[in-house]
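Please look first at the model as a whole and then follow one part of it at a time.

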Amino acid sequence: MIEFGLDTFMPVTDDGHGQPVRGDQAVRDTIEEAVLAEAVGLDSFNIGEHYRPEFMDSANHVVLAAIAGRTERIRLGTAVTVLSTQDPVRVYTDFATLDAVSNGRAQLIVGRGSATDSFPLFGFDLADYEELFEEKLDLLVRLLRDQPVSWSGEFRPPLTDQFVSPPVPSGHIPTWVGVGGSPNSVIRAARYGLPLMLAVIGGRPERFAAHVELYKRALEQLRQPELPIGLHSLGFVAPTDDEAIEVQWPYYKEQFESAARERGWRPPTYEQFLSEVDHGSMYVGSPETVANRIASVVRTLSLSRFHLHYAIGRVPHEQRMAMIELYGHEVLPRVRELLASEPRENEAPTIAVRS
Amino acid sequence: MCLGIVGAGKLGTTIARAAIEAGYDVAMSGSGAADEIALTVDVLAPGARALTTEEVVDHADIVVLAVPTHRFRELPPDLFAGKILIDAMNYWEPVDGIDDELSSPDAGTSAVVQAYFPSARVVKSLNQLGYHELDELRRPKGSADRIAVGAAGADRLAVRRVMRLIDRLGFDPVDAGPLENGVVLEPDGSPFAVTYTAEELSDLVAARATPAGKRIATSAPPRGALAARV
């Protein structure tokens, strides 16, 4: 049974008249979106972690706790926790507490993060990018699996027979490793016996079949049990393909132009956007189009989880709500139907055709 | 023909796959022992050999440097003596941290790499496209939608050999001139992560590189100043 999640970075959205909403409003709007996500049948709601003017997700555990108070069933997690610049003890306390508040619904995806703003902000050196993540993952896994913990490392003071409250049963908080395509990160997830969440933002998703194979082979070689694999990708759903493209493109363009300025990429063209929509791991279109493409990628990559980073950029709150409703009511039942009706082996990848 | 690749990450494994398909004998290494990358190579670049970095250099006469930019100085400066070294790295401050030498705008980052490995024949190339574009946009010679990849270097023979490699990998090679011209292939230069035809890329290099090249001639730090750091 595949699980469906929605992911957000809590953007400062367009107020519908071209102006940004206030940051505090964006925070409260996200809570409404999560409440709706539960109502329409999503399995999880997950929030990123950034320290930038356009995203309000710097303290995701606080927002998740507020959502916990207004929901009963939906799992609440991160996408991703930038573990490299966090104290694993604090991550543990925040999410063990969230787990208690939500009656056992906390989950985590930890990663190195692709935005690196947190390094200078919290006084970490980017030169230690790899070492920081490795060390902090080691400590977090111990805190989640085997307390009391005795531990020492390079980047934080040692712990001796340390219990950290509140207690949670060993392995109770599902903790995944978010990976952007680095083979080393795939093998690291296998080494820690943690499930793998692939983030695929550009290019054809089939390319990642080799990473899935690498993960499975690494688990085998390291004598770990079989573990689930998930995918995080971008998307937007509207009643028709044309409408979805029309709403999404200007905000996609705006967000990727700003990323391009920062990283020295060329801004995306409309043709590149359409090519991503048709062939890439981007799920923009009508419920039928998006359902077909999700069912296809679920088979190709043997996924147990699909996280849609819904509505790219500053898409207004009202349209985000409409999208969540369509996604829950029309896309998910259709994906489940497609997956139930066609055997995985015989499925050829589906390519969306725009009307 | 043997191609060496130092770095078994996203870029290294992508180039390896392309080179194997093009008929090269590919040897690659990570930062440590060969068996640490054996599984990665087996799955992501089947047909390539996983070796140590020293073995890769011994084995190949063209070596691609595909490690994170902030780590290349962990390699010994005389490692690539006499070898053609393709600098496929890009310096991004948000990822690599602030590096005074590499952020110097005029000289180009490959000049820093050349100064660090003085006896290598450095050619800047294969840095220009994202790794998924390197994977997906390779085309046979003569295809209408074949895109261009530039190569810049002081050693003209080395540049020509890299251009033959680019061609065999599935791209139209463009001679971007001396190593200093590599600036136009870097992240703030225009060709970066854009799919140009050979003609478009040649025009861009010609239009942009000449003034930059002249500027370098007068404003680059004396070579000794860079070498002294080593």
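**A helix and its surroundings**

In H1 of chain A, the buried residues (those with 20 or more other C-beta atoms within 10 Å of their own, where 12 or fewer means exposed, anything in between means partly exposed, and C-beta atoms are placed from the backbone) are A:Ala26, A:Asp29, A:Thr30, A:Glu33, A:Ala34, A:Leu36, A:Ala37 and A:Glu38. The names of helices (H or I, at least four residues) and strands (E, at least two) refer to DSSP runs numbered from the N terminus. This is a predicted model, in which local features need pLDDT of at least 70 and side-chain atom pairs count only at pLDDT 80 or more, while totals for chains, interfaces and linings use all residues. Residues are numbered from 1 along each chain as its sequence is written, and chains are lettered from A and ligands numbered from 1 in the order in which they are written.

What covers the buried residues of H1(A) includes strand E1 (3-8), strand E2 (44-47), H2 and helix H11 (317-341) of chain A. H1(A) itself has 17 residues and reaches 25 Å from its first C-alpha to its last, close to the 24 Å expected at 1.5 Å a residue, the expected span being 1.5 Å times one less than the number of residues. After H1(A) comes A:Gly41, whose phi is positive, near 100°.

Two packed helices are described by the angle between their axes and the distance between the axes. Helix H1 (residues 23-39) of chain A packs against helix H2 (residues 60-70) of chain A at an angle of about 45°, with their axes 10 Å apart; axes here are lines fitted to C-alpha atoms, for helices over the stretch in contact, and angles run from 0 to 180 degrees between N-to-C directions. That makes H1(A) oblique to H2(A), since angles under 35 degrees count as roughly parallel, over 145 as roughly antiparallel, 65 to 115 as roughly perpendicular and the rest as oblique. The contact (C-beta atoms, placed from the backbone, within 7 Å) is made by A:Val27, A:Thr30, A:Ile31, A:Ala34 and A:Val35 of H1(A) and by A:Val63, A:Ala66, A:Ile67 and A:Arg70 of H2(A). These residues divide into 7 nonpolar, 1 polar and 1 charged, where Ala, Val, Leu, Ile, Met, Phe, Trp, Tyr, Cys and Pro count as nonpolar, Asp, Glu, Lys and Arg as charged, and the others, Gly among them, as polar.

Some backbone details of chain A come next. The peptide bond from A:Gln147 to A:Pro148 is cis, with omega near 0°, and A:Pro148 is found in the loop between helix H5 (129-145) and strand E6 (149-151) of chain A. A:Asn103 has a positive phi of about 60° although it is not a glycine, and with 10 C-beta neighbours inside 10 Å A:Asn103 counts as exposed. A:Asp161, in strand E7 of chain A, has a positive phi of about 40° although it is not a glycine.

Chain B has 9 helices and 8 strands, and buried residues make up 52% of its 230 residues. Where chains A and B meet, the contact takes 22 residues from chain B and 24 residues from chain A. The largest share of the side of chain B that touches chain A, 4 residues, comes from H2(B). By class, that side of chain B has 11 nonpolar, 6 polar and 5 charged residues.

Notes: Two residues are in contact if their C-beta atoms, placed from the backbone, lie within 7 Å.
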